[in-house]
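Student: I would like a close look at one part of this model. Please take the interface between the two chains, and give the cut-offs as you go.

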Protein chains: 2
Amino acid sequence: MKDDKITLDHGSGGRLSHELVAEYFVTALDNEPLKRLNDSAVVDAPSGRIALSTDSYVVDPIFFPGGDIGSLAVHGTVNDLAMSGARPLYLTVGFILEEGLPLSDLRRILQSMSAAARDAGVLIVAGDTKVVPRGKADKIFINTAGVGLLERDIILGGERAAAGDAVLVSGTIGDHGTCVLATREGIGFSTPVESDSASLNGLVNAVLDGTDGVHTLRDPTRGGLATTLNEIAKQAGVGIEIEEDAVPYREAVLGMCEILGLDPLYLANEGKLIVVVEGAQAQTALAAMRSHPLGKDARIIGKALADHPGRVVMNTRVGGKRIVDMLVGEQLPRIC
Amino acid sequence: MKDDKITLDHGSGGRLSHELVAEYFVTALDNEPLKRLNDSAVVDAPSGRIALSTDSYVVDPIFFPGGDIGSLAVHGTVNDLAMSGARPLYLTVGFILEEGLPLSDLRRILQSMSAAARDAGVLIVAGDTKVVPRGKADKIFINTAGVGLLERDIILGGERAAAGDAVLVSGTIGDHGTCVLATREGIGFSTPVESDSASLNGLVNAVLDGTDGVHTLRDPTRGGLATTLNEIAKQAGVGIEIEEDAVPYREAVLGMCEILGLDPLYLANEGKLIVVVEGAQAQTALAAMRSHPLGKDARIIGKALADHPGRVVMNTRVGGKRIVDMLVGEQLPRIC
C-alpha cells in the first residue's frame with residue numbers, strides 16, 4: 001500500500017479494493033471458502049436446525065484493555081450463537097471504514113479477529129468492506145453475522161425459564177462497561193479493569209455437557225445483567241428474585257460506579273454467561289461452570305418464581321427489596 | 001414513540017430499544033424466528049452445502065428513484081447468494097443509526113425491506129440495532145448477511161470460466177450508478193433513470209433450469225461490468241473479449257455519462273446478471289434469460305478466450321480494440 005491510511009479508493013470495488021482484500025483481509029482471515037473470493041462463500045452444513053445471529057459493533061474507543069472492536073465483534077456473535085446451544089461454525093464480517101483510518105489500526109484489528117476466531121473454532125468465510133468519507137462514520141464499524149449448528153436435542157430460550165428455576169452467573173459483572181468507560185474518559189485506576197470480552201462457547205459446552213434441565217442461556221451485554229434478567233422475566237412470564245450479596249463484582253468496578261453514579265447491574269458484559277436451570281440441577285450447573293476457566297467465579301444469584309411475573313426484584317444487603325427495572329434509555333452509549 | 005427521531009436511548013438496550021424493536025422491526029419484518037427475540041434465530045436447514053454472504057450498505061442518498069437503502073440491502077445479499085446458485089433462505093440485518101434519523105424514514109426503509117424480502121422469498125430472521133451520536137455516521141447504514149441452500153448439483157464461480165465460453169448480460173448497464181449520482185447531485189432528466197435494484201434469484205432459476213454448462217454467475221455491482229469481467233478473467237486465467245455494440249445501455253445513462261465524463265462500464269448495477277456459459281449453450285441461455293421479465297433485454301456481449309489471460313478487451317464500434325482495465329480507485333463513492 002503506497003498510503004498508510006484508508007482512502008475512498010479502497011472502497012471503490014476497483015484495484016485498490018482488491019489489493020486491500022488480498023493483502024489485509026485474506027491474509028489475516030486465511031481460509032479456503034474466503035480465498036475463493038466469489039460473491040458468497042460455499043460451505044458444508046450438516047442437516048438439522050441452525051442458529052443465525054448478527055450484531056454491529058460501534059464501540060468507542062476501538063482499542064481498550066482486554067480487547068478491541070475486532071475481537072469483540074467475533075466474541076459477540078459467537079456468544080449469541082452459543083446462547084441458543086448452537087456450535088458456532090461460520091462468521092461473515094462487514095466493515096464500514098472511515099476515510100483516514102490508519103491501515104496499521106485495520107491490520108491490528110484483523111489480527112485480533114483472526115486470533116479470536118481461531119480460539120473460538122469458527123471460520124470467517126465471507127466479508128465486505130465499504131469506505132465512507134471523513135466525518136461520515138467514526139473510524140471503523142464492524143458487523144458480524146454467524147451460523148451455528150444445533151447438535152443437541154434441547155431447546156433453549158428466554159421463554160423457557162420457569163418458576164422454581166435457579167439463576168446463575170459465570171463471574172464478575174460490569175467489567176466491559178467499566179473498562180470501556182474508563183478508557184474513553186481517560187480515568188486511571190491503580191488496578192486497571194480489563195474487558196471480559198471472550199467467546200463463551202467452551203463454557204456453554206461445559207454447562208450443557210454436565211447438566212440436564214438448562215432452560216435459558218444469555219450473555220448480559222448492552223443493558224447489563226438487570227436488562228437481561230428483565231427480558232427473561234418478560235419472555236417467560238415469571239418473576240426473578242436475585243440476592244444482592246450473591247452478585248459478584250470486581251472492587252475497581254464498584255469503586256468507579258460509586259464515583260460516577262453508575263449502577264453496575266446495567267453495565268455491559270462481553271464474556272459472562274447467565275444460566276437458568278431447573279432448581280434441582282443448580283449445584284450441578286454451578287460445578288460444571290466452575291470447571292471451566294471462564295466460569296471459575298460462577299455463583300447462584302437467584303431464582304425464578306411465580307410471583308410478580310415479568311419483574312425482577314433484588315433482596316438487598318440490608319434486608320430490603322428493590323425492583324430492578326429495565327432502564328428507559330442510555331446509561332453509556334457505544335459500549336459495543 | 002414520544003419522539004419522532006432516533007435518539008441515543010433507542011440504542012441503549014433498555015426499554016426504548018425494546019419498544020423500537022417491537023413497534024418497528026418486528027412489525028415490519030414479521031416472522032416466527034424473529035419474533036422469539038432470542039440472541040439468535042433458530043431455523044431448519046436441509047443438509048448439504050450452504051452459501052453465506054454479507055454486504056454493508058452506505059448508499060447516499062438513502063432514497064432514490066426505484067428503491068432505497070432498505071430494498072437495496074435485501075436485493076444485494078439475495079443476489080450474492082443467487083450468484084453461487086443457492087436458493088436464498090434467510091437474512092440477518094444490522095442497523096447503525098445516526099442520532100436524529102427521522103423515525104418515519106426508518107419505518108419507510110423497514111417496509112421496503114419487508115416487501116423486498118417477501119418478493120425474493122427470504123425471511124429476515126435476526127437483527128441488531130446500534131445508535132451512534134449525531135455526526136458519527138450518516139443517517140443509516142445497513143448490513144445484511146444471508147444464508148442460501150445449494151440444491152443444484154453444480155459448482156459456479158469466477159474460476160470456472162473457460163476459453164470458448166460465451167458472456168451474456170441480462171439488460172442495460174449503469175442504471176443504478178447513474179440514478180444514484182443524478183439523485184445525489186440533483187441533476188434532472190427529461191426521462192429520469194430509475195435504479196435497476198432487484199432480486200435476481202428468479203432470473204437465476206430461469207437460467208439454471210433451462211441451461212446446461214453455466215460456469216459463472218455474477219451481478220456487476222460496485223465497479224460495474226468492467227470490474228466484474230476483470231475479476232472473472234483473473235480468477236479463471238482467461239481473456240475476455242466484449243463487443244461494444246452488443247452492450248445495452250439506456251439513452252439517458254449514455255447522455256449523463258457523456259456530460260459528466262463517466263464510463264458506464266464502471267457504473268454500478270444492482271439488478272443485472274452476467275452469465276458465463278459454454279459457447280454451445282449461449283443461445284439456450286439467452287432464451288432462458290429473455291423468458292424472465294428481468295432478462296428481457298438480455299444480450300450475448302462477448303466470450304472468454306485463451307488469449308490475453310486476465311485481461312478484458314473491447315472491440316469498439318469503429319473497429320479498434322480497447323483494453324478495459326480495472327479502475328485503480330473511485331469513480332463514484334457510496335453507490336451502494
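Tutor: What follows is a walk across the interface, then a few points beyond it.

This is a predicted model: local features need pLDDT of at least 70, side-chain atom pairs count only at pLDDT 80 or more, and totals for chains, interfaces and linings use all residues. Residues are numbered from 1 along each chain as its sequence is written, chains are lettered from A and ligands numbered from 1 in the order in which they are written, and side-chain values use heavy atoms, with hydrogens and water left out.

Start with the extent. Chain A brings 78 residues into contact with 78 residues of chain B; contact means heavy atoms within 4.5 Å. The buried area between the chains is about 6100 Å², and carbon and sulfur atoms give 54% of it. Buried area is the accessible area (1.4 Å probe) that two parts lose on being put together, summed over both. Of the area that chain A buries against chain B, 12% comes from A:Asp39, A:Leu52 and A:Arg222, more than from any other three residues.

Next, the polar side. The rule finds 28 residue pairs in polar contact across the interface, both residues at pLDDT 80 or more. A polar contact is a pair of N or O atoms within 3.5 Å; within protein, one must be able to donate a hydrogen and the other to accept it, and residues adjacent in sequence count only if both atoms are side-chain atoms.

Which elements of chain A supply at least two residues each to the side that touches chain B? They are helices H1 (15–28), H3 (69–82) and H7 (224–236), with strands S1 (41–45), S2 (48–57), S5 (87–98), S6 (123–132) and S7 (140–149). Helices (H or I, at least four residues) and strands (E, at least two) are DSSP runs, numbered from the N terminus. S2(A) gives the largest share of that side, 9 residues. By class, the side of chain A that touches chain B holds 33 nonpolar, 25 polar and 20 charged residues. Ala, Val, Leu, Ile, Met, Phe, Trp, Tyr, Cys and Pro count as nonpolar, Asp, Glu, Lys and Arg as charged, and the others, Gly among them, as polar.

S2(A) also pairs across the boundary. It runs antiparallel to strand S1 (residues 41–45) of chain B, joined by 5 bridges; two strands pair if DSSP finds at least two bridges between them. Within this pairing, A:Ala51 has B:Val42 as its bridge partner.

Now the charges. There are 6 salt bridges between chain A and chain B. A salt bridge is a side-chain nitrogen of Lys or Arg within 4 Å of a carboxyl oxygen of Asp or Glu. B:Lys130 and A:Asp55 form a salt bridge, at 3.5 Å from N to O. Over all chains, the whole structure has 42 salt bridges.

Then the symmetry. Chain A superposes on chain B by a rotation of 180 degrees with 0.0 Å of shift along its axis, at RMSD 0.0 Å. The two copies are thus related as by a two-fold rotation axis. The same surface serves both copies, as 100% of the contact residues of chain A recur in chain B.

Last, one backbone detail. The peptide bond between A:Asp60 and A:Pro61 is cis, with omega about 10 degrees.

Terms used
Least-squares fit on C-alpha atoms with pLDDT ≥ 70 in both.
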